Amino acid sequence: MIAVLKRDASREDKDQVIEVIRGENFEVHPIQGVEKTVVGVLGDPARKSNLKEKLETMGAVERVVLISDPYKLTSWNFKQEKTVIDLGDGVKVGGDQLTVMAGPCSVENREQIIETAKIVKAGGAQILRGGAFKPRTSPYSFQGLGEEGLKLMAEAREETGLKIVTELMDIEHIDVVCKYTDIIQIGARNMQNYSLLKEIGKLDKPVMLKRGMAATIKEWLLAAEYVMNNGNHDVILCERGVRTFGEETRNTMDLSSIPLVQQLSHLPVIADPSHGTGRWELVIPVARAAVAVGADGVMVEVHPDPQNALSDGPQSLKPKNYHLMMDEIKAINNSLHSFESRERKIAYA
């Protein structure tokens, strides 16, 4: 349920509404919009009718709307403006600017991550991706450098000014990952690790939530609800393909999920064509397609020497191909913003 306050509602009015909601033992999620304040209400559906009646009698409340969707905080019903996550220094996710996250699958050594950071910075990316803790299918594969890898990424940030996104695998690493990163990545394997989602929901740090290997859109959005319900509303959704019967690609990239989720949710959505395809030669065309269907950004793997990469070399772009991709997706994004397409009218009508 949401309570929409009147345009002229004061801070005291807002506090009074929140006090009434909490007095009925419901959770409160206030959102300050450009023109109006919306107060999200979560709790026992059986008792909402009584609270609804109380709120409707308050002079500061314009209207009260019951939300039937299973996902509450992620929906347009809760927030009528698209979420834009500000990382500082002019870097935003979800606005008119196309956001690009690029870098190696794993941080291997100082030379590799510094060189790659300079490459992706020169191409126009704003965020450096790289794994320090790596969830690998085989226990014998490279597992990452741990905190040393995070320190090397922080050094790369100092040299280039890029923001950092890296994966958090478990609760015990929260403090060390938060110390170095700008965005916490939750990988596909952990999308439904609800204990972990609850803990990162208590943090004041943006979260990028990758879609699970076989997750439905509903499950994906409900995973985001776990984070937001614990107080952290800075959530980015990442489509990275789903597991199907196909063996020719690593996953099947579900491009249709991007405009669909944008119709359902105010959260920014980016695409990861590297994990979505598992083949470097498919990354550029799928990145183009993702931007064309309205993705707020892309996340790709780039490595100066993919043949000798310790992980995911076959899906990593060489510097030359990365620069080619950047030129092409920028051109597509500029075209989208030059003309108001029919698809965008439908999505935000």
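**Entry 1: Aspartate 312**

I began with aspartate 312, which counts as buried at 17% relative accessibility. Buried here means under 20% relative accessible area, exposed over 50%, and partly exposed in between, with a 1.4 Å probe and protein chains only. I noted that this is a predicted model, where local features need pLDDT of at least 70, side-chain atom pairs count only at pLDDT 80 or more, and totals for chains, interfaces and linings use all residues. Residues are numbered from 1 along each chain as its sequence is written, and side-chain values use heavy atoms, with hydrogens and water left out.

I placed aspartate 312 in the loop between strand S14 (297-301) and helix H11 (319-338). Helices (H or I, at least four residues) and strands (E, at least two) are DSSP runs, numbered from the N terminus. Phi of aspartate 312 is near 60°, a positive value in a residue other than glycine. Most residues other than glycine have a negative phi.

**Entry 2: Asparagine 25**

I then looked up asparagine 25, where phi is near 65°, again positive in a residue other than glycine. Asparagine 25 sits in the loop between helix H1 (11-23) and strand S2 (27-32). Is asparagine 25 buried or exposed? It is exposed, with a relative accessible area of 64%.

**Entry 3: Domains and cores**

I read the domain assignment as domain 1 (1-63) and domain 2 (83-339). Such bounds come from an automatic or database domain assignment. The C-alpha centres of domain 1 and domain 2 are 36 Å apart.

Next I checked the nonpolar cores. A nonpolar core is a set of buried Ala, Val, Leu, Ile, Met, Phe, Trp, Tyr and Cys residues joined through side-chain atoms within 4.5 Å. The largest one has 75 residues, and those with the most contacts inside it are Ile186, Leu209, Leu237, Tyr322, Met325 and Ile329. Helix H7 (residues 217-229) gives the most to this core, with seven residues. Domain 1 (1-63) and domain 2 (83-339) each supply at least three residues to this core. Apart from it lies another core, of 15 residues, including Ile18, Ile21, Val39 and Met58.

I listed the contacts (heavy atoms within 4.5 Å) of tyrosine 322. Leaving out residues up to four places away in sequence, tyrosine 322 touches Ala102, Ile119, Val120, Gly123, Gly124, Ala125, Val302 and Leu317.

**Entry 4: Alanine 117**

I found alanine 117 in helix H3 (residues 110-123). Alanine 117 is buried, at a relative accessible area of 0%. Beyond residues up to four places away in sequence, alanine 117 touches Leu128, Ala156, Thr160 and Leu162.

**Entry 5: Cavity and pocket**

On a 1 Å grid over the protein atoms alone, a cavity is a set of points where a 1.4 Å probe fits but cannot get out, and a pocket is an open set with protein on both sides within 12 Å along at least five of seven lines; lining residues have an atom within 4 Å of a point. Grid points are joined across faces, edges and corners, and a volume is the space filled by probe spheres set on the points.

How many cavities of 30 Å³ or more are there? The count is one. The largest cavity has a volume of about 30 Å³. Its lining is Arg129, Gly130, Gly131, Lys134, Val165, Thr166, Glu167 and Gln185.

The second largest pocket has a volume of about 340 Å³. I noted 22 lining residues for this pocket, with Pro135, Arg189, Arg240, Arg250 and His275 nearest its centre.
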